[in-house]
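Please look at the sequence and the model below, then read on by topic.

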Amino acid sequence: MTDRPLTKNIRPGQPPLDLKGYEKAGGYAAVRKALGGMAPKDVTQVIKDSNLRGRGGAGFPTGVKWSLVPIGPDAPRPKYLVVNADEMEPGTFKDRLLLEGDPHQLVEAVIVAAYAIEAETAYIFLRGEYILAAKLLMQAIAEARAAGYLGNNILGSGYNLDLHLHTSAGRYICGEETALLNSLEGKRATPRAKPPFPQISGLWGKPTIVNNVETLSNIPHILVNGPEWFKGLSHTPNGGTKLYGVSGKVKRPGVWELPMGTTVRELLEEHAGGMRDGLKLRGIIPGGASTDFLGEEHLDLQLDFDTVGKAGSRMGTGTMIILDDQTCPVGFVHSLIQFFAHESCGWCTPCREGLPWTEKILAALEAGQGEMADLDRLGKQVKFMAPGMTFCPLAPGAMSPLGSGIKRFREDFERHIREKRCPWR
Amino acid sequence: MLSYLLKQPPAPPSGDKRWKLVGATMRRYGYESYALIETMHAVQEAFGFLDEEALRFVAASLRVPLSRVYGVATFYHYFTLKPQGRHTCVLCTGTACYIKGSSKNLAAVEDKYKIKPGDTTKDDNLSLLTARCLGSCGLAPAGVFDGEVVAKLTPDLVMGRIARWMP
């Protein structure tokens, strides 16, 4: 048993394991175990017991999500499993590692997860830019099909599953699960009203589970090694390992699989090698663009869903962006909001109109053309686009770094106004 | 049964062989309306962009209103209604790349070739595009040159790559 289950087969600089290599490394044992005698509900129960939480950013318990799907002979059919591989959050580069490094792990996970919810069709919704991942996944799916892990009557169990790869045409909002479903149906990716939740009425109105790549990749290991082993991997009650990433002006930016609950300090100093010489840490966006700033006082914070939540931010995707003292915080926040303004899908008014206005105010501030009243205007936008004011979490996500950024770097914002220029330029 | 369900799909707009690739994609999905995005991927792969003729043909073949086809074509970033140059340079302007100076790289290309993101040079040699996070933040600032991801870009590196394409 390994303490790095997700990345144990990944060999940097080398192509991923093919079917034979993957089987030799213990692969597809979870499929044999699940289909060889476990009832779908039992699989879900194991995942529930493991305390696995969604790695896409929200941290919702995976087993609970699955258990909301109607099961049994009376359940509506067909049912669908969808893999959310539309990794597009700025600063997030973890799913790419799993997709390119061990595609069979994901295919195996899909089979087990689809079996647990009795789905007969599964889709991988892949980001269009991930061309290498698309090629490797197609190969892995073809190999698995030829070996009888996909198709009709898998391993003689009577269970049928088809797996398709869909390449996205590129839009950040596709990462929101209901928008993703609209996109799979060939429509514009605008979010749907919840409820009904996809577990009841998802793709083409049928029960559907949407799970992130990293979440699913954990499934085979939990099934083979058991929920207690999985919980034991973690430093905190949130089970398992986590792919953590660091980008920004650190010595060795990258992504590593570490026990859940690893501290910011260990990540930054041991794995990323610390800040580049002569630079000081000023702020941390802990989990992709749509999370609140943390600072130096949070270096000993254990990164898991609950602990980071209590500190006033979110762990999100666990891939952090580091702000240093030679980068302008106003420009940093402006760059984040530019992204969100560009990616607003236009479905609801506060987001469609509010984000471009926010972006304009920030552009003026960064260029030294702002006024003090602009800070209040930005504060109002943060309130107008708070959770619950918009149709989906895109705009509230955008407001997280803005609201916390204004608080944390107020002096820097004011200097831009007083000096009528950017002090970093 | 509604009579249009029995109708044959319309003939392609021209005898261009590339329409066969598009037709094959639609056939694979049984001409279902949900194949819209996959079909437009096929059109763009074959022709490089989506023109009105193509949009009308796809709409008629999949029996989807032209308005929805146009809506989808303009919604997704990957689809383009304008022909692209022979070579494309995509520079990432995501936040990790911003910190590492991606704006300098962009300014260098804009200045030298007098184009803005989304434009193509007059000789059709180069299209400049920007992306918002390529998922390569560990390699920031990153870019894509004709489909190849290149890491740790500097203005010199970018100009050097582009110069190879120029006559």
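Leaving aside neighbours within four places in sequence, Met40(B) is in contact with Leu50(B), Leu55(B), Val69(B), Val72(B), Ala73(B) and Phe79(B), where contact means heavy atoms within 4.5 Å. The model is predicted: local features need pLDDT of at least 70, side-chain atom pairs count only at pLDDT 80 or more, and totals for chains, interfaces and linings use all residues. Residues are numbered from 1 along each chain as its sequence is written, chains are lettered from A and ligands numbered from 1 in the order in which they are written, and side-chain values use heavy atoms, with hydrogens and water left out.

- Met40(B) belongs to helix H2 (residues 36–47) of chain B; helices (H or I, at least four residues) and strands (E, at least two) are DSSP runs, numbered from the N terminus.
- Met40(B) counts as buried, with 1% relative accessibility; buried means under 20% relative accessible area, exposed over 50%, and partly exposed in between (1.4 Å probe, protein chains only).
- From Met40(B) to Val58(B) the C-alpha distance is 7.8 Å, while the two are 18 residues apart in sequence.

**Chain B as a whole**

- Chain B contains seven helices and four strands.
- Read from the N terminus, the elements of chain B follow the order α-α-α-α-β-α-α-β-β-β-α.
- A box of roughly 65 × 35 × 25 Å along the principal axes holds the C-alpha atoms of chain B.
- Of the 167 residues in chain B, 49% are buried.
- Among contacts in chain B between residues at least 6 apart in sequence, 61% join residues at least 24 apart.

- Four strands of chain B form an open sheet in the order S2-S1-S3-S4, with mixed pairing; two strands pair if DSSP finds at least two bridges between them.
- Strand S2 (126–131) and strand S4 (148–150) of chain B stand at the edges with a single partner strand each, so one side of each has no neighbour in the sheet.
- From one strand to the next, the twist averages 25°; axes are lines fitted to C-alpha atoms, for helices over the stretch in contact, and angles run from 0 to 180 degrees between N-to-C directions.
- Strand S1 (residues 87–92) of chain B pairs with S2(B) in the parallel sense over six bridges, and Val90(B) stands opposite Leu129(B) in S2(B).
- Helix H6 (residues 102–113) of chain B packs on the sheet and touches S1 and S2 of chain B, its direction making about 155° with that of S2(B).
- Helix H7 (residues 155–165) of chain B also packs on the sheet, touching S1, S2, strand S3 (143–145) and S4 of chain B, and its direction makes about 170° with that of S1(B).

**Strands of chain A**

- Strands of a sheet pair through backbone hydrogen bonds, either parallel or antiparallel.
- Six of the six residues of strand S1 (residues 80–85) of chain A are buried, so this strand is largely enclosed by the rest of the structure.
- Tyr80(A), Val82(A) and Asn84(A) point one way from S1(A), while Leu81(A), Val83(A) and Ala85(A) point the other way.
- S1(A) runs parallel to strand S2 (residues 121–126) of chain A, joined by six bridges, with Val83(A) opposite Ile124(A) in S2(A).
- S1(A) also pairs in the parallel sense with strand S4 (residues 208–212) of chain A, over five bridges, and there Asn211(A) is the bridge partner of Val83(A).
- Strand S5 (residues 241–248) of chain A and S6(A) run antiparallel and are joined by six bridges; a hairpin links S5(A) to S6(A) through five residues.
- Five of the six residues of strand S6 (residues 254–259) of chain A are buried, so S6(A) is largely enclosed by the rest of the structure.

**Loops of chain A**

- Gly37(A), in the loop between helix H2 (29–35) and H3 of chain A, is exposed at a relative accessible area of 66%.
- Phe60(A) is located in the loop between helix H3 (40–50) and helix H4 (62–67) of chain A and is partly exposed, with a relative accessible area of 42%.
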